[in-house]
Amino acid sequence: MTARTGPVPRAGRFEAVVAGGGPAGAVAALVLARAGRHVLLVDGDPPGASSAAFTIGETLPPAARPLLHDLGLWGAFAADAHLSCPGTYASWGSAQLHGHSHLFDPHGHGWHLDRGRFDAFLREAAVAAGALLRRAVVIGHRSAAGEQRLLVRERGGAVGEVRSDWVVDATGRRALIGRRLALRRRQDRLVAAFTLLGAGGDAEDAELRTLVEAVPEGWWYTARVPAGRVVAHLSDVDLATARLGTADGFRYAAERTRHVRDRLSGYDPAGSPAPRWTAAHGLRLSPPAGPGWIAAGDAAIAFDPLSSQGILTALHTGARAGGAVDRCLAGDTGALASYAAFLDGVADAYHQHHARAYAEERRWPDHPFWRRRNGSPH
């Protein structure tokens, strides 16, 4: 373990507290612990998330492989039996399916993750590196005299306070800390209605490529995951009908598709849980950091799921945020500016890719969903 380069922390106070134990928060805590920092990871999610707690955000692209190597996690991750993702099929810009394979990707195939297991794996790595884990939910934050104070609610309901020099906001799109200290810029009004079919898996479903299908009101995707098959419909919040939130309405809409319908034919929709809604719009926190605080993952920058880059970006920003806090604790006054510049580059690349991807679909130029994304003023 690397020796501390900053001052020894006072008793009962941490050098850094990470709020949120998803991929960004766990990796930030891992990096800080490996740097020898006295770090606490606060996470309220129960261990071993089940299919009942399933949420979308399950694809890890091939480009994650070198990062996992750099973090020293590749061997354990590769042995963890997540489903491979060899590529995608898309009906986008055409009624026909077009395939994209990872066969020639220099990093190999991607993965469809068991998110509960993956997130727990990252938290366990942080703890093994020396981070402390506290099962609680962050409910408030304030800063006083250069000290960060987090209010946390324990599982039993008791509320306590945790003090630190720095806090990492990894609370997802809520940005519980950052939203009070910076401006959140929303890209659009995208939402997703999603469900999980065939909990426990379907032995007859051997198709591992993600399927994406554009429709007049938005788009659909479906992917095989260890828990079964996730299927989601994405549209703008003012365009999505309330019926999509019901099992019958969701099934009816899925049956109107051409390719998604075929992919779901082996599943009994009657046995699937009721669809759930989640925000899916692009989001950016500006600035992403300030004195005593820094945001990572979706709290700093969130993507349209079409990019399939959300988890990868969470890992990268978590590692960068952890490194930036370590540098700040060591007296590096330029660490936050470097982190902000890194996020600027990520955002620029994302917006260019996002604009190109949506511009490829021109079949419904007068529909509000596509008109909003393709630059029409009407």
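Is Arg 184 buried, partly exposed or exposed? Arg 184 is partly exposed, at a relative accessible area of 35%. Buried means under 20% relative accessible area, exposed over 50%, and partly exposed in between (1.4 Å probe, protein chains only). This is a predicted model: local features need pLDDT of at least 70, side-chain atom pairs count only at pLDDT 80 or more, and totals for chains, interfaces and linings use all residues. Residues are numbered from 1 along each chain as its sequence is written, and side-chain values use heavy atoms, leaving out hydrogens and water.

**Surface patches**

- Like charges are joined within 9 Å, and nonpolar side chains within 5 Å.
- Arg 184 sits in strand β11 (residues 183–186). With Arg 174, Arg 179 and Arg 180, Arg 184 forms a patch of positive charge on the surface.
- Val 137, Ile 139, Leu 151 and Val 159 make a nonpolar surface patch of about 290 Å².
- Leu 151 belongs to strand β9 (residues 147–154). Leu 151 is partly exposed, at 37% relative accessibility.

**Aromatic rings**

- The structure holds 16 aromatic pairs (ring centres within 6.5 Å; planes under 30 degrees apart are stacked, over 60 edge-to-face, the rest tilted).
- The Trp 74 and Phe 77 rings have centres 5.9 Å apart and planes at 45°, so the pair is tilted. Both residues lie in helix α3 (residues 74–78).
- Trp 74 is buried at 16% relative accessible area, and Phe 77 is buried at 2%.
- Ring pairs link Trp 92, Trp 219, Tyr 221, Tyr 358, Trp 364, Phe 369 and Trp 370 into a cluster.

Technical notes. Patches are made of residues with over 30% relative accessible area and no salt bridge: like charges are joined within 9 Å, nonpolar side chains (Val, Leu, Ile, Met, Phe, Trp, Tyr) within 5 Å. Accessible areas come from the Shrake-Rupley method with a 1.4 Å probe; for residues, only the protein chains shown count as cover. A salt bridge is a side-chain nitrogen of Lys or Arg within 4 Å of a carboxyl oxygen of Asp or Glu. Lys and Arg count as positive and Asp and Glu as negative; His and the chain ends are not counted. The place of a charge is taken as NZ of Lys, CZ of Arg, CG of Asp or CD of Glu. Helices (H or I, at least four residues) and strands (E, at least two) are DSSP runs, numbered from the N terminus. Rings of Phe, Tyr and Trp (its six-membered ring) pair if their centres lie within 6.5 Å; planes under 30 degrees apart count as stacked, over 60 as edge-to-face and the rest as tilted.
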